[in-house]
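Open the model in your viewer and keep the selection tool at hand. Each stop below says what to select and what is there.

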Amino acid sequence: MPSSHSALVTAISTAIGFSSGFTSDVFMLALAFTFVTVRDALGVRRSTGIQAKAINDLGSELQKKGLAPYTKIKEVNGHKPLEVIMGCLLGIFIGTAFSIL
């Protein structure tokens, strides 16, 4: 259920924060990488999956009416916001656990 990409990058950022400091340059770079990955998981992948579904529906309708042959495209479903949030929380817990233990 949780986003594994979000969990991974959040755990890495948290572990870097504990080891290098939360004001270090390396942590800021890791945090920027985390934001880009989470944004991709939440927005870009999800919107392309929704668009692919709409295109497949339209293509199927055109093929049923005999107007044009159509081959379905791959529908990649992105993550829902709850899945990304849970992945981030899981990553924070894992990163903290590995840094403290």
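**Stop 1: two helices side by side**

Select α2 and α3: they run roughly antiparallel to each other, because an angle over 145 degrees counts as roughly antiparallel, under 35 as roughly parallel, 65 to 115 as roughly perpendicular and the rest as oblique. This is a predicted model, in which local features need pLDDT of at least 70 and side-chain atom pairs count only at pLDDT 80 or more, while totals for chains, interfaces and linings use all residues. Residues are numbered from 1 along each chain as its sequence is written, and side-chain values use heavy atoms, with hydrogens and water left out.

Helices here are DSSP runs (H or I, at least four residues), numbered from the N terminus. The packing angle of α2 and α3 is about 160 degrees, and their axes are 9 Å apart. Axes are lines fitted to C-alpha atoms, for helices over the stretch in contact; angles run from 0 to 180 degrees between N-to-C directions.

Turn to the crossing. α2 passes α3 in a right-handed way. Right-handed means that the near helix is turned clockwise from the far one by less than a right angle, left-handed anticlockwise.

Now pick the side chains between them. Val 38, Ala 41 and Leu 42 of α2 meet Pro 81, Val 84 and Cys 88 of α3. Contact means heavy atoms within 4.5 Å. By class, this contact has six nonpolar, no polar and no charged residues. Ala, Val, Leu, Ile, Met, Phe, Trp, Tyr, Cys and Pro count as nonpolar; Asp, Glu, Lys and Arg as charged; the others, Gly among them, as polar.

**Stop 2: Ala 52**

Stay in helix α2 and select Ala 52. Ala 52 is buried, at a relative accessible area of 7%. Buried means under 20% relative accessible area, exposed over 50%, partly exposed in between (1.4 Å probe, protein chains only). Which residues does Ala 52 touch, not counting those up to four places away in sequence? They are Ile 73, Lys 74 and Glu 75.

**Stop 3: helix α1**

Select residues 4-20. This is α1, with 17 residues; it reaches 24 Å from first C-alpha to last, close to the 24 Å expected at 1.5 Å a residue. The expected span is 1.5 Å times one less than the number of residues. Gly 21 follows α1, with a positive phi near 100 degrees.

Color the buried positions of α1: Ser 6, Ala 7, Val 9, Thr 10, Ala 11, Ser 13, Thr 14 and Gly 17. They pack against α2 (25-64) and α3 (81-100).

Zoom in on Ser 13, in helix α1. Ser 13 is buried, at 3% relative accessibility. Leaving out residues up to four places away in sequence, Ser 13 touches Phe 27, Ala 30, Leu 31 and Thr 34.

**Stop 4: α1 on α3**

Show α1 with α3. They pack at about 35 degrees, with axes 7 Å apart. The contact includes Thr 10, Thr 14 and Phe 18 of α1, and Gly 87, Gly 91 and Gly 95 of α3. By class, this contact of α1 with α3 has nine nonpolar, eight polar and no charged residues. The crossing is right-handed.

Finish at Ala 15, also in α1. Is Ala 15 buried or partly exposed? Ala 15 is partly exposed, at 27% relative accessibility. Beyond residues up to four places away in sequence, Ala 15 touches Gly 95 and Ser 99.
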